[in-house]
Amino acid sequence: MNMLKQILKDRLAGVSLFIVAITIAAGAFAPWLAPHDPNHIHMELRYAGPSWDFPLGNDHLGRDVLSRLIFGIRPSVLYVFAALLASVCMGAIVGFIAGYFRGRTDAVLMRVVDAMLSFPGYVLTLALIGMLGVGLENILIAFVLSKWAWFARIIRTSVMQIAETDYIKYSKTIGVGHLSIMARHIVPVSLPDIAVIASSAFGSMVLQISGFSFLGLGIQAPHAEWGMMLNEARTVMFSKPELMLAPGLTIILVVSAINFLSDALQGALDPKLMSSKAKFQARTAVSAARLQGKEVA
Amino acid sequence: MGWYMAKRGLYAIPMMIVISFLTFILIHLSPMDPAEVVLEAQGVPQITPELIAQTKAELGMDRPFLIRYANWLIDCLQLDFGHSYVSGEPVWTLLGPAFLNTLQLTFASVIAVIALSVGLGVICALREGRLLDRSVRGVSFFLTSMPSYLLASLMIWYFAVKLDLLPTSGMASSASYVLPVVVIAVNYAGIYFRMIRSSMISQLHEDYVLYGRASGLSETTITMHMIRNSLQIAISVFCMAVPIILGSTVVVENVFAWPGLGSLSMHAILSRDFPVIQAYVLVMAVAFVLFNTVSDMVNAAMNPKLRGDL
């Protein structure tokens, strides 16, 4: 609650939080919120402009743009979030084990991570999609498989710092079990770090996955997805450029809100950032996270 | 110094072996039998088990795993990546020219990214908190949130079609570089510019700046010192930018129909042309390792503190 208050102090961050919350809610309740069936074709309404019935107009098959946008939240944002969560969890498990136990376990795990990271992220994702085949599930799987190593590396560093502290050493000395040390002392302390890194990667990952769909590697017709809507709009870009407006602005709005929120979250979780040196280091880490996701988008 | 360089260079060799091995086993991740894919790609109407066995024998897929890997690796070292499943052409004749085209686009873009982000970063740091700084940061924040394919499409629509100033696609003349380079530069400069800006700002509070001012150095001289110091951090970042941008041209290449690796790999993925995908992954990963090695070496040459740990 305290953290929420801190975030809400900044008005723009409050607005961002609101946008993200609305987006998630709209995605979750899409079937009840969308005014029309997103895949229903009205050939007589092709390229129709906004009307009372269809507030954002209709696309090249006369489908309702607003409903498609709302249904598109699921693959464009919610599933991406699930994939992010999965890869962060994988990374966290490896990172915790490596950072806490150190020694040979750490060496072996980190060599695996090094091997994964020796591939540029986008190439690995593309390669996995190439092998698994085209489709949204495969993209998400490829995404989880290619990103976890990067999270593992960062989480390990964070855990290592915590594991060196006196209270952890003390807990070990008085015979507290490894699992309970991790659960009670390490996880809660490293959670803010993980949250900051994950949230700063989120925005660019949304862009990245929509980029794959834009290229035709992701979700297949007739399902709605923002990147794919833009791809469909691109084919008639010269005669109907306004079709790019709604999905384009939606992506920009949501991704900026996510990015802004991640910056605010970082500020709220880490008061140390007031000093300029720490701020620079943290900014560099966040920029690295953005780049990690940015590669294909 | 020389010792460090040699060690760092040698370190790249095991990395490349690991990469080649992972690239080789990549193909086995596919749920489909490669022989089946070959037959399907060649448009064979009825795929019988005998036909699959025959194709396997032809492609040497019935031999033991490690022998296949060794043969494959030796072939790759001679730039023989096999033949495309779809067209039957040698992979290198497809990949080589495409790689050069992508490389050209990448270098042009990296130069633009560096110029844009260093310029903006330095100016914004010197005007920290003022209107110019805030507006540049606002715009860059907005542009970072914009998908590059949207920016690319909008630019084609406006500059190539409405104003008819620049070509929409291809790489016929130097004018065709403008739009793709601008799209990539805008996309990455937003991130790099923030790094330069914050490293410049952290320099502002260093003692040597205060001392310089106190001894009456001109602001330009002090600024030059600050740029030199903050560029040290930036150089490692920019060295890494080369491989990152090299692979991230996929979307931009597709939108602008640039005949490079991005377009090639997309076609290969959509038609499941495994040898091309494999060669693409290998070439990119090797380039990635090489650029990483070079960037570490450059850093070490510039900053002796970094030479210690390897």
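Before the first stop, one term: buried area is the accessible area, taken with a 1.4 Å probe, that two parts lose on being put together, summed over both. Keep in mind too that this is a predicted model.

**Stop 1: the interface**

Colour the two chains separately and look at where they meet. Chain A and chain B bury about 4,700 Å² between them, and 77% of that is on carbon and sulfur atoms. On chain B, select Phe141(B), Tyr149(B) and Ile269(B): these lose the most area to chain A, together 14% of what that side buries. By contact, 56 residues of chain B and 50 residues of chain A take part.

Now for the polar side of things. How many residue pairs in polar contact does the rule find across the interface of chain B and chain A? There are three, with both residues at pLDDT 80 or more. The largest share, 10 residues, comes from α10(B). Colour that side of chain B by residue class and you get 39 nonpolar, 14 polar and three charged.

**Stop 2: the salt bridge between chains**

The rule finds one salt bridge across this interface. To see it, select Asp263(A) and Arg194(B), whose closest N and O atoms are 3.3 Å apart. The pair runs from helix α11 (residues 245-269) of chain A to helix α8 of chain B. Buried or exposed, these two, Asp263(A) and Arg194(B)? Both are buried.

**Stop 3: salt bridges within a chain**

Over all chains, a search of the whole structure finds 10 salt bridges. Start in chain A with Asp114(A) and Arg153(A), with 2.3 Å from N to O. Asp114(A) sits in helix α5 (residues 103-117) and Arg153(A) in helix α7 (residues 136-163) of chain A, so the pair ties together parts 39 residues apart in sequence. Asp114(A) counts as buried because its relative accessibility is 16%, while Arg153(A), at 30%, is partly exposed.

Staying in chain A, select Arg102(A), Asp106(A), Arg156(A) and Glu164(A) together: they are linked in a network of salt bridges.

Then hop to chain B for Arg213(B) and Glu219(B), which meet at 2.7 Å, N to O. Arg213(B) is partly exposed at 42% relative accessibility, and Glu219(B) is likewise partly exposed at 43%.

**Stop 4: the annotated spans**

An unreviewed UniProt entry annotates "transmembrane region" over several stretches of chain A, including 77-101 and 243-262. Residues 77-101 of chain A are 100% helix, with end C-alpha atoms 35 Å apart. For residues 243-262 of chain A, the figures are 90% helix and 30 Å.

Chain B has such annotations too, again from an unreviewed entry, with 138-160 and 277-298 among them. Select 138-160 of chain B and you have a span that is 87% helix, its end C-alpha atoms 27 Å apart. Residues 277-298 of chain B are 100% helix, and there the ends lie 31 Å apart.

**Stop 5: a buried threonine**

Why does Thr102(B) count as buried? Because its relative accessibility is 0%, and the cut-off for buried is under 20%. Show its contacts beyond four places in sequence, and you'll find Leu246(B), Thr249(B), Glu253(B), Trp258(B), Gly260(B), Leu261(B) and Gly262(B).

Conventions. Residues are numbered from 1 along each chain as its sequence is written. Chains are lettered from A and ligands numbered from 1 in the order in which they are written. This is a predicted model: local features need pLDDT of at least 70, side-chain atom pairs count only at pLDDT 80 or more; totals for chains, interfaces and linings use all residues. Side-chain values use heavy atoms; hydrogens and water are left out. Contact means heavy atoms within 4.5 Å. A salt bridge is a side-chain nitrogen of Lys or Arg within 4 Å of a carboxyl oxygen of Asp or Glu. A polar contact is a pair of N or O atoms within 3.5 Å; within protein, one must be able to donate a hydrogen and the other to accept it, and residues adjacent in sequence count only if both atoms are side-chain atoms. Helices (H or I, at least four residues) and strands (E, at least two) are DSSP runs, numbered from the N terminus. Ala, Val, Leu, Ile, Met, Phe, Trp, Tyr, Cys and Pro count as nonpolar, Asp, Glu, Lys and Arg as charged, and the others, Gly among them, as polar. UniProt positions are given in the numbering used here, feature names are shortened, and annotations may be inferred rather than shown by experiment. Buried means under 20% relative accessible area, exposed over 50%, partly exposed in between (1.4 Å probe, protein chains only).
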